[in-house]
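Hello,

Here is the structure you will be working with. Please open it first, then read the notes below it.

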Amino acid sequence: MSSQILLIGVLVGMVNFLFRYLPLRLGASRASGSLKRGKVGAVLDSIGIASICALLIVSSVPEIQQHTNKLLPTLIGCLTLTLCFYRTRSIVISTLLGAFCYGIAFKYLSLGII
């Protein structure tokens, strides 16, 4: 087994764990009386984000290693997804906008416009 595969697996596992653990730890201190969901609700809310991030890392790292021209569009898409989710808290809108920005950046970079 290659050490890179083991390193990627450990990294993805740690990030996935933190996406599930940190909302429980940080959310408890910020929870207000009007928030009616408990720890189970926080875990279920974070599963979508953790799944998207885990799938994104696992599927994009080998592709970027083979085609380095996709690194910048991937970073633009991830940054857009993160900022949009921070502002809207909507996974659907953030995913669609991140994919759209990735496509636009990849198209313009492949044409040499940017």
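Helices and strands here are DSSP runs, a helix having at least four residues and a strand at least two, numbered from the N terminus. Read along the sequence, this chain follows the pattern α-α-α-α. That is four helices and zero strands. Please keep in mind that this is a predicted model.

Next, the annotation. The unreviewed UniProt entry marks residues 6-22, 42-61 and 91-109 as "transmembrane region". In the model, residues 6-22 are 100% helix and 0% strand, and the C-alpha atoms at the ends of this span are 24 Å apart. Residues 91-109 are also 100% helix and 0% strand, with 26 Å between the end C-alpha atoms.

On the chain as a whole: it has 114 residues, of which 18% count as buried. Among contacts between residues at least 6 apart in sequence, 55% join residues at least 24 apart.

Last, the charged side chains. Side chains of opposite charge can pair when their charged atoms come close. How many salt bridges does the count come to? The count comes to one salt bridge. Lys70 pairs with Glu63, and their closest N and O atoms are 2.7 Å apart. This counts as a salt bridge because the cut-off is 4 Å. Lys70 has a relative accessible area of 17% and is therefore buried, as buried means under 20%. Glu63, at 30%, is partly exposed.

Regards

Definitions and conventions
Residues numbered from 1 in each chain as written. Predicted model: local features only at pLDDT ≥ 70, side-chain atom pairs only at ≥ 80, totals over all residues. Heavy atoms only, no water. Salt bridge = Lys/Arg side-chain N within 4 Å of Asp/Glu carboxyl O. Buried < 20%, exposed > 50% of the residue type's maximum accessible area, 1.4 Å probe, protein only. Contact = heavy atoms within 4.5 Å. UniProt positions renumbered as here; feature names shortened; annotations may be inferred.
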